[in-house]
Amino acid sequence: MNTNLSSFFIFIAVFGLLGACHGQLRMHFYEESCPHAEEIVKEIIWNRVASNSTLPAKFLRMHFHDCFVRGCDASVLIDSTPNNLAEKAAIPNLSLAGFDIIDEVKTELENTCPGVVSCADIVALAARDSVSYQFQWPIWDVLTGRRDGIISRESEALANIPSPFFNFTTLKQSFANKSLSVHDLVVLSGGHTIGVGHCNFFSNRLYNFTGKNDEDPSLNSTYAAFLKTQCKSLSNNVTIVPMDPGSPLSFDNNYYNILKQNEGLFQSDAALLTNSEATYNVNELLNSQNFFTEFAQSIMRMGAIQVLTGTSGEIRKNCSVVNP
């Protein structure tokens, strides 16, 4: 293990002790009610990630999309019904994946401790555990005690999930609406170090940036030429390309290196360099230890957005359906 990561893990141990409570969430919430809950989640998630290295990006994105709509309440998992189009039906969520594995975890937890562990906590733990598999060590603490929401609306997902087409002003406001700072915005954008982007979410930067069949001048021209070989038209909504071509399956701080080379894939990535405060944060995160330390803190803040606790919400028996 390199020195940066060793120091980081020591920090996490201390930070975990100091920051063991956030509102009504806390460390080891299920210690008495379901003592093996977190181990069950980790075992299943690690087993799945071992044979599918694309899962960490998928679970990280699921957690993000869940928390930005009605808070971290697993509303993103609810299926649509004849009377309601749920968040899953919204365009930003059509490419989400991993629901079957969340269901697998939930089934095992229901067999072990019926009606105890929330789907919202499973999503938060799955994000942490999947990303942490690479390190064989939890790289951030997950406070637990969330309860599950009973409302899921497509329109709210469209209104709240930040778009890859956003400029800096809109991004900043979107995060501020969730009580997250510019610093959190830049740090959490680092999640783009893993995963892929569909051509139709950035091809306007290649072919029609201002409506004049032009290229985004802020995009590295060599990188743009490469992207054009992958995304050959504005209408291509099938092809995917890595968001961090240097290490697309490795959770690291390389996102900030490519950003500085004007190779951020989305307009929302490039937007971080259009604001002096955000650019300052980008430069700080070029240091690997800074990134791991700050990511751990920012994602814990994200994981506490508008959480339902105590007697609010419910503990869903099936994560895709509200209890009858």
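The dialogue below takes up salt bridges, then the cavity.

Tutor: A note on the basis: this is a predicted model, in which local features need pLDDT of at least 70 and side-chain atom pairs count only at pLDDT 80 or more, while totals for chains, interfaces and linings use all residues. Residues are numbered from 1 along each chain as its sequence is written, and side-chain values use heavy atoms, with hydrogens and water left out.

Student: How many salt bridges are there by the rule used here?

Tutor: Side chains of opposite charge can pair when their charged atoms come close. The rule asks for a side-chain nitrogen of Lys or Arg within 4 Å of a carboxyl oxygen of Asp or Glu. By this rule the count is 11.

Student: Which residue does Arg205 pair with in a salt bridge?

Tutor: Asp216, with the closest N and O atoms 2.8 Å apart. This pair links distant parts of the chain, 11 residues apart: Arg205 lies in helix 9 (residues 204-207) and Asp216 in the loop between helix 9 and helix 10 (221-230). Helices here are DSSP runs (H or I, at least four residues), numbered from the N terminus.

Student: Is Arg205 buried or exposed?

Tutor: Buried means under 20% relative accessible area, exposed over 50%, and partly exposed in between (1.4 Å probe, protein chains only). Arg205 is buried because its relative accessible area is 1%. Asp216, at 3%, is buried too.

Student: Where do Lys228 and Glu215 sit?

Tutor: Lys228 is in helix 10 and Glu215 in the loop between helix 9 and helix 10, 13 residues apart. Their salt bridge has its closest N and O atoms 2.8 Å apart. Lys228 is partly exposed at 30% relative accessibility, and Glu215 is partly exposed at 29%. Elsewhere, salt bridges that share partners join Glu38, Arg128 and Asp129 into one network.

Student: What lines the largest cavity?

Tutor: Its lining has 13 residues, with Leu143, Arg146, Ile299, Met300 and Gly303 nearest the centre.

How values were computed
On a 1 Å grid over the protein atoms alone, a cavity is a set of points where a 1.4 Å probe fits but cannot get out, and a pocket is an open set with protein on both sides within 12 Å along at least five of seven lines; lining residues have an atom within 4 Å of a point. Helices (H or I, at least four residues) and strands (E, at least two) are DSSP runs, numbered from the N terminus.
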